[in-house]
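Biologist: I have a model open and want to learn how to read it. Can we go feature by feature?

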Amino acid sequence: MPLQEVSSDAHADVAADASPPEPDFVSFDGVSFGYGDGDAFLPVVDDVSFTASRGSFTAFVGPSGCGKTTILNIIAGLSRPTAGTVTLRSSSRKFRVAYMLARDALLPWRSAQKNVELPMELAGVARAERKARAARLLDQVGLAGFEKKRPVELSHGMKQRVALARTLAQDPDVLLMDEPFSALDAQTRTIVQRLFLEIWERERRTVFFVTHDLSEALALADRVFVLSARPTRIRKVVTPDLPRPRHIAALRHDETYNALYDDLWSTLETEAQQ
Ligand SMILES: Nc1ncnc2c1ncn2[C@@H]1O[C@H](COP(=O)(O)OP(=O)(O)O)[C@@H](O)[C@H]1O
Ligand SMILES: [Mg+2]
């Protein structure tokens with residue numbers, strides 16, 4: 001599939017009709033995973049267990065190559081665990097997972113509007129409804145008035161906002177974000193982070209977010225998993241107890257935030273040296 005979003009109902013164990021507040025909306029129970037087999041087997045994920053409630057925001061940080069993307073792929077159902085189980089609970093039969101990457105992967109010949117409509121077209125949403133929803137989503141990401149522009153006419157930050165709108169257009173149960181803002185320059189990144197945070201704080205979708213930017217992890221997430229070097233395990237869980245709505249610019253002066261940052265940094269430094 002040429003897009004960064006995937007819709008997955010590949011999991012065998014989707015449980016229907018979970019009642020709120022759905023504390024174990026997504027759960028990993030002793031999940032291990034490796035690539036290849038026999039002598040070429042590369043262990044990547046080592047006995048990882050966690051649960052995530054519906055509407056929670058979990059960030060993963062860890063050394064390069066430790067298995068962060070692999071964990072997202074397991075949640076998406078793109079990779080099957082070699083041991084352990086993954087359970088996704090949804091009150092709807094079809095559990096929708098959307099994936100957003102650093103690369104916007106927009107179709108260059110389609111307008112912003114038509115790019116956002118694409119997942120809805122694929123899902124068979126009626127024309128009038130998908131037009132209205134796409135326009136509303138573009139407005140939410142601050143791109144009202146840019147509906148007809150093609151990707152080549154948009155800045156990098158704007159393209160990534162279109163990609164965000166397109167990801168949300170799938171109305172996902174779970175949003176997987178793999179370093180989604182890492183290719184943006186610092187200033188644009190802050191703008192897009194702020195925008196995304198506002199949308200998330202309003203909608204509270206279940207998010208799994210990979211980043212190498214510790215300040216981003218702390219500013220956005222309810223919980224940060226610090227992963228060990230490969231084969232990866234959860235080395236530490238940090239829960240940024242920072243009130244919402246959060247103001248990214250103000251966090252820099254927040255003592256709790258700064259203490260958490262130092263703690264994360266030293267844990268990660270130790271891991272990266274393993
Ligand atoms: N399709 C694949 N086949 C074989 N090895 C892979 C594949 N994808 C990733 N790997 C290896 O698995 C490890 C974890 O990769 P990945 O999950 O992409 O790490 P991260 O996202 O944390 O940087 C790396 O050593 C990588 O080289
Ligand atoms: Mg990765």
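**Reading the model**

Modeller: Start with one residue: Ser 182 sits in the loop between β7 (174–178) and α5 (186–203). Helices (H or I, at least four residues) and strands (E, at least two) are DSSP runs, numbered from the N terminus. This is a predicted model: local features need pLDDT of at least 70, side-chain atom pairs count only at pLDDT 80 or more, and totals for chains, interfaces and linings use all residues. Residues are numbered from 1 along each chain as its sequence is written, while chains are lettered from A and ligands numbered from 1 in the order in which they are written.

Biologist: Why does Ser 182 count as partly exposed?

Modeller: Count C-beta atoms, placed from the backbone, within 10 Å of the residue's own: 20 or more others means buried, 12 or fewer exposed, and in between partly exposed. Ser 182 is partly exposed because it has 15 C-beta neighbours inside 10 Å.

Biologist: Which residues is Ser 182 in contact with, leaving aside neighbours within four places in sequence?

Modeller: A contact needs two C-beta atoms, placed from the backbone, within 7 Å. By that test, and with those neighbours left aside, Ser 182 touches Ala 102 and His 212. Leu 168 is 14 residues away along the chain, and its C-alpha atom is 19 Å from that of Ser 182.

Biologist: What about the largest nonpolar core?

Modeller: In soluble globular proteins, nonpolar side chains tend to be buried together. A nonpolar core is a set of buried Ala, Val, Leu, Ile, Met, Phe, Trp, Tyr and Cys residues joined through C-beta atoms within 7 Å. Here the largest has 69 residues, and Phe 209 is among those that touch the most other members. Helix α4 (residues 156–168) gives the most to this core, six residues. Beyond four places in sequence, the contacts of Phe 209 include Phe 57, Met 177 and Leu 220.

Biologist: Which residues are around ligand 1?

Modeller: Near means a C-beta atom, placed from the backbone, within 6 Å of the molecule. The shell around ligand 1 includes Tyr 35, Gly 67, Lys 68, Thr 69 and Arg 230. Two elements give two or more residues to it: β3 (42–52) and α1 (68–76). The largest share, three residues, comes from α1.

Biologist: And the chain overall?

Modeller: The chain has eight helices and ten strands. Buried residues make up 39% of its 274 residues. Among contacts between residues at least 6 apart in sequence, 75% join residues at least 24 apart.
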